[in-house]
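Hi,

Here is the structure I promised to pass on.

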Amino acid sequence: MKRNIVIAAVTAAALIGGGTATALATTGDDEGSARQAATTRLSNDDRDRDDDAEKTVSADVTASEAIASALKHTSGTVVSAELDDEDDGDKVVWDVDVLSGDDTWHSVSVDPANGKVLGSHTDDEDDTAQVRAALKGSSVTAEEAAKAAAGKGVVTSVDLDDDGRTKSWEAETHKSGGAEQDWKIDFTSGKITADDQD
């Protein structure tokens with residue numbers, strides 16, 4: 001009886017917390033690369049958790065493909081890519097942050113359905129020197145980190161971790177049934193490990 005109550009409580013907490021995701025991976029496009037499609041419920045961090053304003057998106061474009069599209073549009077170094085709502089609106093996009101050679105930050109929006117760049121704008125960031133220092137000596141790009149994490153589930157974000165003891169990429173993945181996991185990808189080896197802080 002106690003076991004049933006615990007299972008019911010855990011299930012209720014999972015349903016209330018949202019964050020469900022389903023993933024489907026298939027192969028066979030012209031390039032032979034793995035394609036992923038995800039249906040992920042995203043909630044806005046700025047909104048109250050009780051607000052039932054979660055969004056569902058179908059992402060046919062992987063994180064690595066969104067990064068490649070952003071780099072074709074704006075050259076530089078990708079520092080992060082996240083599947084997120086655009087300006088707190090109803091549309092969900094890949095938001096890719098690119099640091100150009102002249103230390104200008106660009107935020108590039110990529111359509112998750114077809115990989116087309118929807119627009120971009122420059123941002124003011126005050127941590128440019130810290131990011132440049134963290135990236136120095138890195139041989140693994142954000143795109144490569146996203147590809148490495150794709151083996152663990154559908155990647156919904158890749159970000160530079162320049163605050164930790166060891167510099168690395170962080171990736172968030174979702175698996176079928178809503179399981180969410182954070183990963184660290186080593187800057188030089190590309191080795192992926194579970195984020196111990198979760």
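Alanine 81 has valine 158 of S8 as its bridge partner. Before I go on, a word on the source: this is a predicted model, in which local features need pLDDT of at least 70 and side-chain atom pairs count only at pLDDT 80 or more, while totals for chains, interfaces and linings use all residues. Residues are numbered from 1 along each chain as its sequence is written, and side-chain values use heavy atoms, with hydrogens and water left out.

The protein has 4 helices and 11 strands. Those labels are DSSP runs numbered from the N terminus, with helices being H or I of at least four residues and strands being E of at least two. Of the 198 residues, 36% count as buried; buried means under 20% relative accessible area, exposed means over 50%, and partly exposed is in between, using a 1.4 Å probe and protein chains only. Among contacts between residues at least 6 apart in sequence, 44% join residues at least 24 apart, where a contact means heavy atoms within 4.5 Å.

Now the sheet. It is open, has 8 strands with antiparallel pairing, and runs in the order S7-S6-S5-S4-S8-S9-S10-S11. Two strands pair here if DSSP finds at least two bridges between them. S7 and S11 (192-194) stand at the edges with a single partner strand each, so one side of each has no neighbour in the sheet. On average, neighbouring strands are turned by 25° against each other, direction ignored. As a reminder, strands of a sheet pair through backbone hydrogen bonds, either parallel or antiparallel.

S4 and S8 run antiparallel and are joined by 3 bridges. On to S9: S8 pairs with S9 in the antiparallel sense over 7 bridges. S8 is mostly covered, with 7 of its 8 residues buried.

**Two residues of S8**

Valine 158 sits in strand S8 and is buried, with a relative accessible area of 0%. In S9, the residue opposite valine 158 is alanine 171. Leaving out residues up to four places away in sequence, valine 158 touches Val79, Ser80, Ala81, Ala142, Ala145, Ala146, Trp169, Glu170 and Ala171. Valine 158 and glutamate 143 are 15 residues apart in sequence, and their C-alpha atoms are 8.5 Å apart in space.

Serine 157 is buried, with a relative accessible area of 18%.

**The helices H2 and H4**

How do H2 and H4 meet, and at what angle do their axes cross? The axes of H2 (residues 63-73) and H4 (residues 142-149) come within 8 Å and cross at roughly 165°. That makes H2 roughly antiparallel to H4. For the terms, axes are lines fitted to C-alpha atoms, for helices over the stretch in contact, and angles run from 0 to 180 degrees between N-to-C directions. Angles under 35 degrees count as roughly parallel, over 145 as roughly antiparallel, 65 to 115 as roughly perpendicular and the rest as oblique.

Ala63, Ser64, Ile67 and Ala68 of H2 make the contact with Ala142, Glu143, Ala146 and Lys147 of H4. By class, that contact has 5 nonpolar, 1 polar and 2 charged residues. Here Ala, Val, Leu, Ile, Met, Phe, Trp, Tyr, Cys and Pro count as nonpolar, Asp, Glu, Lys and Arg as charged, and the others, Gly among them, as polar.

The buried residues in H2 are Ala63, Ser64, Ala66, Ile67, Ser69 and Ala70. Their cover includes S4 (77-85), S5 (92-99), S6 (105-110), S7 (117-123), H4 and S8 (154-161). As for H4, this helix lies across S4, S8, S9 (168-174), S10 (180-186) and S11, at about 140° to S8.

**The S6 end of the sheet**

S6 and S7 run antiparallel and are joined by 6 bridges. Tryptophan 105 has aspartate 123 of S7 as its bridge partner. The hairpin of these two strands has 6 residues between them, and glycine 115 in that hairpin takes a positive phi near 80°.

Aspartate 103 lies in the loop between S5 and S6. Its phi is near 65°, which is positive although the residue is not glycine. Aspartate 103 is partly exposed, with a relative accessible area of 40%.
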